[in-house]
Amino acid sequence: MLARLATFCYRRRWRVLVAWIVALVGISVLSQTVGGDLLKTFSLPGTESQRAFDVLKKDFARKGDTGDVVVRVKGAGDINSPEIRAQFEKVVGELRKQPHVVSITTPYDPNGAQLRSPKDPKIARAEILFDVQSNDVPIKVGSDMRGIAKRANSSTLQVELGGFMFTDATQPASELVGVLAAVFILLIAFGSLLAMGLPIMTALFGIGIGLAIVQLLARVMDIPSFAPQVTAMIGIGVGIDYALFISTRYREALHEGASPEQAVVHAIDTSGRAVLFAGGTVVISLLGLFLIGVSFIRGLSVGASLAVLFVMAAAVTLLPAVLGFVGHTIDRFALPGSRRRSGSVENTFWARWSRTLQARPAPAAALGLVILIVLAIPALGLRLGVADAGNDPTKFTTRRAYDLLSQGFGPGSNGPLLVVSELGSQADLGAMAKVADAIKQTPDVAAVIGPQPSPNGKAALIIVDPAGSPQDQSTTKLVHRLRDSVVPSATQGSGLDVQVGGQTSIGVDLADTLGQRLPYMFVAILLLSFVLLMLVFRSILVPLKAVIMNLLSIGASYGVIVAIFQNGWVKSLVGIGKEGPIEAWVPMMLFAIVFGLSMDYEVFLLSRIKEEYDRTHDNATAVAHGLAKTARLITAAAAIMICVFGSFVLSDMRVLKLVGFGLAFAVFIDATVVRLVLVPATMELLGDRNWWFPKALEWLPRVNVEGRQLDLEEPRPEPVPVGGD
């Protein structure tokens, strides 16, 4: 089927190219006109924090989220100075006029005493109540309000805005740095300007449509605000790699004497098969995130999966069509000194490297395992959570507001806990007062306000400032302590149903929910990947070894990101000023992506080794020749991935730095220690046992990713004029 598809795309190249251009333009325009809004925050139905939010929404009429206007008096005077009050109230008056702002409570209001800093008379804040959640506050509104605050800064007053809705969503296009690095690597790998451009073009077509689809999906699904960056990161990386594998096979066939059409059909029927299978494992891994059961994770999973599907489609349809235009000129515009080397495979560096490892496979395998295990050790201390605004760069107003709140009200004021309960009678308000008293006596509590009855008298609210910041481990323990012991003891016999909520509690619930469901996702992806590899290679040990090695490389990447981002080791290396927990969704996303990409390299390497083994029935020769034919390609592909993923470390957003660095390091360790050391060493140790397959399982279907060998004796089809159908 792939051979027929390649033939069709080659002979009808104009139609295929025009179809892709129309699809890219049409879907992009559609996404801009009817696409949905991306989420900046999330909800967790069924959790205690969500139940608390529901009570606040119903009885306190808090339909939306709150933000802060934080001010600091410079020089002499304090917040009570008439001049300062006039400036403060002026900026508040301008902010009140903005869309979606319901009210702003200031420290000068009768009920605003708690908005004055108990520690520093020069610091105060005002609370902004919106009529929508922070993710629904339009980006323009947040930008306009940041502009008002910036203009209000003077020689006597510093004004900053705190809250998710005020995060600067305009991020530098760091992926462009990765693409430029990929261009440089492809130039070195191919030595030709024309050959370099094909993988880039194919990837950009696929990812362009994929990103537009993500925007359209946001209309019917919860898609997080960082989904486009993550989607671009994955799509560009795999798109360039897939086109690189196919283009390389095409050039090899041309150099062996095939016609352009024969070369295209052969490349798609061999490397194209491996691309579809490898891409399928990435999609399966990403769709495994559905097992987590969280709406925004599902949205991220679908968006990234569609991006991979579209770059796969571009690789096996658009690329053969473009190769039809290129023909023999693919090596045109070659760089000086890039003449193709010829000679025996056995004489290449990678064949000699493989033979060296095969001479002493046990020490090589032991060294590789030690490296991976040592790197993975810090992962034992992995702490899931949600990083707070204290991790934002200081150029963000949200970070400066965070620092002022910490200085004036304590770090816990950046994420207060909202303890809420519905009231059945007036006596229940007294019971809530006992709850407040019990919370005041609890360790790691800095301040308690309330209980405050709701306007309708049907609920009461207690505001609790933890002693630690929202992301501190002490705050997580405090949430659990309140829920598990303090509140149940204080409400025993009262009939109250007290919920501990707030944005900080939502982060705790997210970490708990994802942590509990991670093992199910891991097991499902591992089992399915094992079965797929078993069907492809008709082996038990090869897929088992692949699964174990991929787990080790993922464990090593977990260990490194914990060491840097959580423990703060060499944190300046990636440009973070403050350590914090690992975002709760990142380990599962890293697992899904890295496992899928590791399977990519596994398939490309082992399919070549299997080709050689089927031809020679000599395991040592098959491993050496298979590695020699793919190592240069895998190294170039991995270098591209590392550059694309690593470019996201340049982002201002900590979460993108975390994901980008984690993926880049995982690909690096997989393409070096695993692919170039452990695989050849362990395959030499296992010998022919690599390809043992029980006769009892021969009934299982066969999946062929090797395709047919190139047959230059086949009759060549009539040439099709370039530009004609």
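Visitor: What percentage of the 725 residues in the protein is buried?
Guide: This is a predicted model, in which local features need pLDDT of at least 70 and side-chain atom pairs count only at pLDDT 80 or more, while totals for chains, interfaces and linings use all residues. Residues are numbered from 1 along each chain as its sequence is written, and side-chain values use heavy atoms, with hydrogens and water left out. Buried means under 20% relative accessible area, whereas exposed means over 50% and partly exposed lies in between, using a 1.4 Å probe and protein chains only. With that cut-off, the buried share of the 725 residues is 57%.

Visitor: How many helices and strands does the protein have?
Guide: Helices (H or I, at least four residues) and strands (E, at least two) are DSSP runs, numbered from the N terminus. Counted in this way, the secondary structure comes to 20 helices and 10 strands.

Visitor: What is the radius of gyration of the protein?
Guide: The radius of gyration is taken over C-alpha atoms, and the globule rule is 2.2 Å times the number of residues to the power 0.38. The C-alpha trace spans about 90 × 50 × 45 Å along its principal axes. For 725 residues a compact globule would come near 27 Å, and the protein agrees with this, having 30 Å.

Visitor: What is the order of the strands in the open sheet of 4 strands?
Guide: Strands of a sheet pair through backbone hydrogen bonds, either parallel or antiparallel, and two strands count as paired if DSSP finds at least two bridges between them. Here the pairing is antiparallel, and the order of the 4 strands is 7-8-6-9.

Visitor: Which strands are the edge strands of this sheet?
Guide: An edge strand here pairs on one side only. Strand 8 has 6 bridges with strand 6 (residues 417-422) and 6 with strand 7 (residues 445-453). The edge strands are strand 7 and strand 9.

Visitor: How many of the 8 residues of strand 8 are buried?
Guide: In a regular strand the side chains alternate between the two faces of the sheet. In strand 8, A459, L461, I463 and D465 on one side and A460, I462, V464 and P466 on the other are all buried. The number buried in strand 8 (residues 459-466) is therefore 8 of 8.

Visitor: Is T475 buried or exposed?
Guide: T475 is found in helix 15, which covers residues 473-490. Contact means heavy atoms within 4.5 Å, and, leaving aside residues up to four places away in sequence, T475 touches P466, G468, S469, P470 and T504. Because its relative accessibility is 1%, T475 counts as buried.

Visitor: Which residue has the backbone oxygen that the side chain of T475 reaches?
Guide: A polar contact is a pair of N or O atoms within 3.5 Å; within protein, one must be able to donate a hydrogen and the other to accept it, and residues adjacent in sequence count only if both atoms are side-chain atoms. At 2.7 Å, the side chain of T475 reaches the backbone oxygen of S469.
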